[in-house]
There are 2 protein chains.
Amino acid sequence: MTPAFEPFEKIALIGIGLIGSSIALNVRAHGLARHIAISSRSDGTLRRAEELGLGDSYHGDAAEAVRDADLVILCVPVGACGAVAEAIAPSLRAGAIVSDVGSVKASIVSQMQPHLPDHVHFVPAHPIAGTEQSGPDAGFAELFQNRWCILTPVQPVDEAAIARLRAFWEACGSTVEEMTAEHHDRVLAIVSHLPHLIAYNIVGTAYDMEEVTQSEVVKYSASGFRDFTRLASSDPTMWRDVFLNNRDATLEVLARFSEDLSVLQRAIRDGKGEQLFDTFTKTRAIRREIIEAGQETAKPNFGRNKPPKKWDDESAS
Amino acid sequence: MTPAFEPFEKIALIGIGLIGSSIALNVRAHGLARHIAISSRSDGTLRRAEELGLGDSYHGDAAEAVRDADLVILCVPVGACGAVAEAIAPSLRAGAIVSDVGSVKASIVSQMQPHLPDHVHFVPAHPIAGTEQSGPDAGFAELFQNRWCILTPVQPVDEAAIARLRAFWEACGSTVEEMTAEHHDRVLAIVSHLPHLIAYNIVGTAYDMEEVTQSEVVKYSASGFRDFTRLASSDPTMWRDVFLNNRDATLEVLARFSEDLSVLQRAIRDGKGEQLFDTFTKTRAIRREIIEAGQETAKPNFGRNKPPKKWDDESAS
């Protein structure tokens, strides 16, 4: 059951990609706002959002979309948040909650806060959910279900606004946590930013090999490689902005990763079987915990092993 | 339809983990041999295989299992193949095909070939299929369906034995390729061995972080990290042996990976957005090719986004 939720008058979604469209679908499905205003600076994206019926009004101009909105959520790449905040600031209604969904928080706070008027409540947020796909067609209502959403409140803290935004994300199916923007950025550097960087890198390495053809990489990818291609097909603009805006935390975890990798490299070179075995054993436990926490499927191969139709027919005979 | 296949008299499976048990299930389902002899040096595993009804006879002694077998497949970790070959050699029937399923080929050839008598046909093989799970309970008949199996024939090449083993793997649902053991090891180093090493390493790095708790890593893992935990929960013994036995090829691709990673690291440090964008763009194409080749699901998030039951009930109302 969706908990009782007093709907917002008007939500303005600035940006309508995977996250924006998934929010819109939740607002509609659960009645979280009486009016959904959608803005995109891309005509094509805006038209597509309208074709999909994601909102009640559509605006090329973000400042127009936020007029009279009591909830404004920026769903644009991290690098665009400062400019959007500046553009919408004069049109923001007094008492409005202004939030975002960016994967980096300290940079977003420093980009947006200087532009926002004192009469709005700024509550940065990060729903920990996504897929490798992007654009308004990629959204689906269940995206936030059983996922975490992190709020990183800024001074002056407005408890009522935080409670309201928390209830909004809970109504979307998420569990809400609060932490500082700095801690958020350190946590995400290891759980999200480094994994994406490594995935992009290994796929790039395979792409550039001379001795092994790309067709061989494709054919035999089920032996491990394909797992990395999912993260490595994520939106390039979004991820460029993440690394440019969480530089220090990313470089720090990357340095640790490289250090650890050198240790493994040396163990392989020296034939230290016991050391390799120990390293490969301790990593098993974390997956079990993730599965128990409901953040991952327990099915082998992420559940991709479905037999093809033909095989089903055979075993039925 | 399973192609017409003249069954073997007796298949001996030495080792009955994920791959061995999946082979046994295929032999049974498609009538590929009249008798399945199963051997394991672990009493518990052998008993479990018997409980599961995977074979027709069960043997603690591999030499006993291979007696009268016209097909013998070693399904043990790479590092154990030499000792097994030595143990079974005196009991091998003249004309028998001896094969394996190891993820490394040159080392297996050099381990096994010196022990094998001239009157058997040695055809090393590697089915490119697996999950992160292990043991006789992990097997399933569809594992090899739509996957590749690589044969790396050795001198003297016996075309009839190769054709027979090829037909066997095709009957299990695989498409068969031939290449040299050396080329196999280079290909697998990039598509499988490096990905596993990197996955083990990044999970290890997260495990050792001080500033971020393990509970945070678990909670927020859906943002990327969880993808790596699958490979990093693979069988430690198997993977220790892979790295010890494909050392040079692994170290070579690892050096390239580290070089590429240094370039990305520098781009982040210097704020080179365009370079990051270009790198993150070229990696997208490979996933599309892998999906088109039928080696990966096209569903977002590997299809893990299934809404929970509760949500289904709601949207139905």
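How many bridges join strand S1 of chain B to strand S4 of chain B, and do the two run parallel or antiparallel? In this predicted model, strand S1 (residues 8–14) and strand S4 (residues 71–74) of chain B are joined by four bridges and run parallel. Ile14(B) has Leu74(B) in S4(B) as its bridge partner.

These two strands belong to an open sheet of six strands in chain B, in which the pairing is parallel and the order is S3-S2-S1-S4-S5-S6. Because strand S3 (57–59) and strand S6 (121–122) of chain B stand at the edges, each with a single partner strand, one side of each is left without a neighbour in the sheet. Helix H1 (residues 18–30) of chain B packs on this sheet, where it touches S1, strand S2 (33–39) and S4 of chain B, and its direction makes about 165° with that of S1(B). Helix H2 (residues 43–51) of chain B, in turn, lies across S2 and S3 of chain B and runs at about 175° to S3(B).

A further open sheet in chain B consists of three strands in the order S7-S8-S9, with mixed pairing. Its edge strands are strand S7 (125–127) and strand S9 (175–178) of chain B, each of which pairs on one side only. On average, and with direction ignored, neighbouring strands of this sheet are turned by 20° against each other. The pairing of S7(B) with strand S8 (residues 148–151) of chain B is antiparallel and extends over three bridges, and the bridge partner of Ala125(B) in S8(B) is Leu151(B). Helix H6 (residues 159–171) of chain B lies across S7, S8 and S9 of chain B, running at about 145° to S9(B).

Turning to the interface between the chains, 120 residues of chain B are in contact with 120 residues of chain A. The two chains, B and A, bury about 11,600 Å² between them, and 64% of this area is on carbon and sulfur atoms. Across the interface of chain B and chain A, 14 salt bridges are found; one of them links Glu211(B) with Arg256(A), whose closest N and O atoms are 3.4 Å apart. The interface of chain B and chain A also has 46 residue pairs in polar contact, both residues being at pLDDT 80 or more. Helix H7 (residues 181–207) of chain B gives the most to the side of chain B that touches chain A, contributing 21 residues, and the residues of that side as a whole divide into 55 nonpolar, 34 polar and 31 charged.

Technical notes. Residues are numbered from 1 along each chain as its sequence is written. Chains are lettered from A and ligands numbered from 1 in the order in which they are written. This is a predicted model: local features need pLDDT of at least 70, side-chain atom pairs count only at pLDDT 80 or more; totals for chains, interfaces and linings use all residues. Side-chain values use heavy atoms; hydrogens and water are left out. Contact means heavy atoms within 4.5 Å. Buried area is the accessible area (1.4 Å probe) that two parts lose on being put together, summed over both. A salt bridge is a side-chain nitrogen of Lys or Arg within 4 Å of a carboxyl oxygen of Asp or Glu. A polar contact is a pair of N or O atoms within 3.5 Å; within protein, one must be able to donate a hydrogen and the other to accept it, and residues adjacent in sequence count only if both atoms are side-chain atoms. Ala, Val, Leu, Ile, Met, Phe, Trp, Tyr, Cys and Pro count as nonpolar, Asp, Glu, Lys and Arg as charged, and the others, Gly among them, as polar. Two strands pair if DSSP finds at least two bridges between them. Axes are lines fitted to C-alpha atoms, for helices over the stretch in contact, and angles run from 0 to 180 degrees between N-to-C directions.
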